[in-house]
Amino acid sequence: MAEVIVLGAGIVGISVAIHLQRRGRSVLLLDRREPGSETSHGNAGIIQQEAVRPYAFPRDLATLLRIVGNRRIDARYHWRALPGLAPALARYWWHSAPERYRRIVAQYATLISRARAEHADLIAASGAEELVQRQGYYKLYRGGAALEAALADAELVRAEYGIAHGALDATEVARLEPDLRVAIAGALHWPEPWTVRDPGALAAAYARYFVSLGGTVARGDAASLCQHGAGWRVETRDGPAEAASAVLALGPWAGEATGRLGYRLPLFVKRGYHMHYRPAGRARLGNWLYDADNYYLITPMAQGIRLTTGAEFAPFSAPPTPVQLQAAEGVARALFPLGERVDAKPWLGARPCTPDMKPVIGPAPRHPGLWFAFGHGHHGFTLGPITGRLLAQRMVGEAAPVDLAPFAAERFLR
Ligand SMILES: Cc1cc2nc3c(=O)[nH]c(=O)nc-3n(C[C@H](O)[C@H](O)[C@H](O)COP(=O)(O)OP(=O)(O)OC[C@H]3O[C@@H](n4cnc5c(N)ncnc54)[C@H](O)[C@@H]3O)c2cc1C
């Protein structure tokens, strides 16, 4: 019999399961699908060591007006979703005010600064080295003024958090990616992040490592979770499973489970799409490139060149509306010789978000033996392993290097 049931086998749940199993707890990791096949598969695969600042809600009027126009590539919304989203978005806007945001960044940095080292541990342990590149990623700018502003901002991040960056001029960008076909003024290089050419495969490798430690992976529906005596019980394909503790690591689906348990957490999602392309002719993409003027990434993934889009504010369950993908694809084809689409239809996923941009990590306030690990927003692929370590340490009563108080669910329930 397991001692802990972890619900959700994305990068977060898998990492929690590994760190508990390493600490001698027997863990059952439950998902309705194969481990690592949802959001943790469809993302841009960047382990974002540089991302000390989570994405704030824009506060300047010009950007707000452009968003209201609803024609941007980086952010769009479903009109009909706005009434439902408004309370969470209002809180998101509130938390993004400069003074509050500064405090949030300082707390967020305690996680991000440890994220890459935690991946390094799991990459080595799971033998997944061949999936990882260690040359950072590049933000491309067509205009010199925008590039200068980005470099000045990167300088602030270096001064405050010691995160290195580099600058490339037009010639260096052309040498780096000879197949680009528009004039680029230059690029901001973040050398410290690592990139993963198949994020789902990395999560799956971590899950196999979990099994090699003696852990169990099971199929089942997290909706079957219920209290059972002093512990918890779920239905798996192989029958019921019971344990003293349970961890909710359901990513963008966490709100369904917490809602059933009576928690009114202000969770929301930012949907995002991806599509894979063959390169046209002999064109070759060597690096992860962010088109900073148009807010999308193109990345050389195992499945083809993956284009990922920005944020769509819509209920997770609403039908796909991949207009941002369509718009980004048009610009991307002008930037780089993309050939035909590889996938029959765009992949749709969702970043699990909270209004204060911080994940929820810690005990469930009103249910003994229940723990939360979700809400990792734009950086969950990066933050999975550090979340796993910190939550496991907290659960077994081990001293941890990070104070989890800023990530407690109570902050939304006062
Ligand atoms: C387009 C896009 C690009 C991104 N790029 C990056 C990036 O470059 N770097 C980065 O750090 N982050 C990135 N992210 C964010 C990152 O992908 C997510 O934050 C992260 O994957 C969340 O992981 P998770 O384990 O919480 O959720 P998930 O990976 O979604 O895992 C949740 C699991 O719960 C399971 N589940 C749900 N409901 C049930 C149920 N009822 N019963 C059983 N199982 C259930 C699902 O099947 C799933 O396996 C990106 C996100 C998107 C959408």
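Modeller: The lining of the largest cavity divides into seven nonpolar residues, six polar and one charged (nonpolar: Ala, Val, Leu, Ile, Met, Phe, Trp, Tyr, Cys and Pro; charged: Asp, Glu, Lys and Arg; polar: the others, Gly among them). The model is predicted, so local features need pLDDT of at least 70 and side-chain atom pairs count only at pLDDT 80 or more, while totals for chains, interfaces and linings use all residues. Residues are numbered from 1 along each chain as its sequence is written, and side-chain values use heavy atoms, with hydrogens and water left out.

Of the 14 residues that line the largest cavity, Tyr 55, Cys 353, Met 357, Gly 377 and His 378 lie nearest its centre. A cavity is a set of points, on a 1 Å grid over the protein atoms alone, where a 1.4 Å probe fits but cannot get out; a pocket is an open set with protein on both sides within 12 Å along at least five of seven lines; lining residues have an atom within 4 Å of a point. The largest cavity holds about 110 Å³, the volume being the space filled by probe spheres set on points joined across faces, edges and corners. Counting cavities of 30 Å³ or more gives one.

Met 357, one of the residues nearest that centre, sits in the loop between β21 and β22 (360-363); strands are DSSP runs of E of at least two residues, helices runs of H or I of at least four, numbered from the N terminus. Met 357 is not a glycine, yet its phi is positive, about 70°. With a relative accessible area of 9%, Met 357 is buried (under 20%; exposed is over 50%, partly exposed in between, with a 1.4 Å probe and protein chains only).

Strand β21 (347-353) also gives two or more residues to the lining of the second largest pocket, as do α4 (82-95), α9 (254-260) and β15 (268-279). By class the lining comprises 19 nonpolar, seven polar and three charged residues.

A positive phi, about 65°, also occurs at Tyr 295, again not a glycine. Tyr 295 lies in the loop between β16 (289-291) and β17 (296-301) and is partly exposed at 30% relative accessibility.

Arg 142 belongs to the loop between β6 (137-141) and α6 (144-161) and is partly exposed at 28%. Its C-alpha lies 8.5 Å from that of Ala 292, although the two are 150 residues apart in sequence. Beyond four places in sequence, the residues that Arg 142 touches (heavy atoms within 4.5 Å) include Asp 291, Asp 293 and Asn 294, as well as Val 182 and Leu 335.

Thr 195, in strand β9 (194-196), is buried at 0% relative accessibility. With neighbours within four places set aside, its contacts are Gly 45, Ile 46, Leu 131, Val 132, Gln 133, Gly 136 and Trp 288.
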